[in-house]
Amino acid sequence: MSNSNPTPYEVLYRETVWPSLFALLPAILLAPAVGLVITPFTDYVVATLVGSSVFVLALVVVLSLAPKIVVMQSDRKIFLQVNSANIEASHISSVQVIAKGEARAERGPKLDARSFRVFQPSVSEMLKVNLSDERDSTPYWLVSTRNPVALKAALKK
C-alpha cells in the first residue's frame, strides 16, 4: 500500500499583498453612485441596500484578487509560489529588490513582455526574480511585495 499523503512542507515566508486603503476608494464610491442611480426607480431603502450590496461585492472581489506569495521548503527544495504559479528555487539565478524609485521603470520601459508579473498597483516595492531554466522562455518574475528584503532572504535559505 502506497502512502498517499503529500510531502510535508515548511512555510518560510507568506504574504498576502493587500491593496492600500486609497486603492479601495473606487469600491467605496460605488455604494453612493449605485444608490443614486437606482433611487429614481425605487425607494430609498432598496437603493441603499443595493448600493451597499454592490460595495460589499466589489470589496470581496478586490480583496480576493490580492496577490498571495509563499516560499516553502519541501525535501530540502525551496519553492516560490505566487498565486497559482510556482517555481523551484534551483531555477532562480538571482533575486533583486526593486526600490520605490525604480518600480515605475521596471513596470514600464524596462519590462520584458515574456516576464511573469503580478502587480498590486498600490504597492511600489517589488522583487525581480531572474530565472536560469533553459526550458522556460520566461526571463524573470516581477512581483509586488510589501517586504522585498524578507522575501529575498527566504529565497536564499
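**Exercise 1.** Find how the axes of helix H1 (residues 25-38) and helix H2 (residues 44-64) cross.

*Solution.* Start with the axes: those of H1 and H2 come within 7 Å and cross at roughly 150°. Here axes are lines fitted to C-alpha atoms, for helices over the stretch in contact, with angles from 0 to 180 degrees between N-to-C directions. Helices (H or I, at least four residues) and strands (E, at least two) are DSSP runs, numbered from the N terminus. The crossing angle therefore makes H1 roughly antiparallel to H2 (over 145 degrees).

A word on the model: it is predicted, local features need pLDDT of at least 70, side-chain atom pairs count only at pLDDT 80 or more, and totals for chains, interfaces and linings use all residues. Residues are numbered from 1 along each chain as its sequence is written, and side-chain values use heavy atoms, leaving out hydrogens and water.

**Exercise 2.** Which residues of H1 and H2 meet?

*Solution.* Look for contacts (heavy atoms within 4.5 Å). On H1, the list includes Ala-27, Ile-28 and Leu-30; among their counterparts in H2 are Val-50, Val-54 and Phe-55.

**Exercise 3.** Work out the strand order of the open sheet and its edges.

*Solution.* First, the order of the four strands is S5-S7-S8-S6, with mixed pairing (strands pair if DSSP finds at least two bridges between them). Next, S5 (92-98) and S6 (116-118) each have a single partner strand, so one side of each lacks a neighbour in the sheet. Then take S6 and S8 (residues 140-144): they run parallel, joined by three bridges. In S8, Val-143 is the bridge partner of Val-118.

Methods: Parallel < 35°, antiparallel > 145°, perpendicular 65-115°, else oblique.
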